[in-house]
Amino acid sequence: MDKQMILLLVVMVIALLYARSRETKYNKKICVTAITVIIACFSGFRSWWMGDLIKYYTDYVACNSEDWFQHIFEDYTNIGLKLFFRSAGFMGISYDVCLFIISAFFAIALGILVYKFSPSPYWSYVMFIAMGFYVFTFSGLKQTCAMGFVIFAMIAILENSPKRFLIWVAVAGIFHAPAFIFLIAYPAAKKKIDI
């Protein structure tokens, strides 16, 4: 937990330096890029001998074994991560690198959202880390992948793009089926509030 506090302090310092500087798009880009790199590296270089990561390692090994086809297609629910593991293994990418790719993907998705739409990177990142979402990304790989795609779906809502929204939610649902609940977000966000 001490490491999480150190991370939170580093992120807060970077975001506060941005808040104290002249707020330009360039300075905001530097701030968000620095924080994105830090949170991607902090979770990307972690040990996989913790929590559910051992279970996911077993899944990675099964997806790259001789009977990989049966393992992947025995259940189509949450098949996205299995397909990712199979593709990575086929290309010679190790499980450790898969963890880093997932961490970087999520950090980049969050960084894009914060850069494009947040009036305060400080509060966006502090709330994200303090509420425990970031700590959860350390062990919930399929949920982390789905959250990254849901972030892109959220961006599609904010940019009024229903087709992109549907595509991103569908991809998120392939990684983690409960992500399909986000389908109600577009109509809810676009509903006109009357009397």
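This passage walks through a predicted model of a protein, from its overall build down to a handful of single residues.

The big picture comes first. The protein has 11 helices and 0 strands. Going along the sequence, then, the pattern is simply α-α-α-α-α-α-α-α-α-α-α. The C-alpha trace spans about 55 × 45 × 25 Å along its principal axes. How does the radius of gyration fit with that of a compact globule? For 195 residues, such a globule would come out near 16 Å, and the protein has 18 Å, which agrees.

Of the 195 residues, 43% are buried. Among contacts with a separation of 6 or more, 66% are between residues 24 or more positions apart. The protein exposes about 11,200 Å², and 70% of that area is supplied by carbon and sulfur atoms.

Thr137 sits in the loop between helix H8, residues 133-136, and helix H9, residues 141-158. A polar atom of the Thr137 side chain lies 2.5 Å from the backbone oxygen of Tyr134. Once the neighbours within four places in sequence are left aside, Thr137 is in contact with Arg46, Phe106, Thr144 and Met147.

Asn78 lies between helix H4, residues 68-73, and helix H5, residues 79-90. Although Asn78 is not a glycine, it has a positive phi of about 55°. Its relative accessibility is 17%, so Asn78 counts as buried. Asn160 is in the loop between H9 and helix H10, the latter covering residues 162-175. Asn160 is not a glycine either, and its phi is positive too, at about 55°. What about its exposure? With 51% relative accessibility, Asn160 counts as exposed, because the cut-off for that label is over 50%.

Ala62 belongs to helix H3, which runs over residues 53-63. Ala62 and Ile72 are 10 residues apart along the chain, and their C-alpha atoms are separated by 8.4 Å. Which residues does Ala62 touch, leaving aside its neighbours within four places in sequence? They are Trp68 and His71. Val37, in turn, has its place in helix H2, residues 25-44. Val37 has a relative accessibility of 46%, so it is partly exposed. Along the chain, 111 residues separate Val37 from Gly148, while the C-alpha atoms of the two are 16 Å apart.

The tour ends in the loop between H10 and helix H11, where Phe182 has its place; H11 itself covers residues 185-190. Leaving aside its neighbours within four places in sequence, Phe182 is in contact with Val150, Ala153, Met154, Ile157, Phe165 and Val169. One of these, Met154, is 28 residues away from Phe182 in sequence and 9.1 Å away in space, C-alpha to C-alpha. Ile184 is also found in the loop between H10 and H11. Its relative accessible area is 56%, so Ile184 is exposed. Between Ile184 and Gln70 there are 114 places in sequence and 34 Å in space, again going C-alpha to C-alpha.

Notes
Residues are numbered from 1 along each chain as its sequence is written. This is a predicted model: local features need pLDDT of at least 70, side-chain atom pairs count only at pLDDT 80 or more; totals for chains, interfaces and linings use all residues. Side-chain values use heavy atoms; hydrogens and water are left out. Helices (H or I, at least four residues) and strands (E, at least two) are DSSP runs, numbered from the N terminus. A polar contact is a pair of N or O atoms within 3.5 Å; within protein, one must be able to donate a hydrogen and the other to accept it, and residues adjacent in sequence count only if both atoms are side-chain atoms. Contact means heavy atoms within 4.5 Å. The radius of gyration is taken over C-alpha atoms; the globule rule is 2.2 Å times the number of residues to the power 0.38. Buried means under 20% relative accessible area, exposed over 50%, partly exposed in between (1.4 Å probe, protein chains only). Accessible areas come from the Shrake-Rupley method with a 1.4 Å probe; for residues, only the protein chains shown count as cover.
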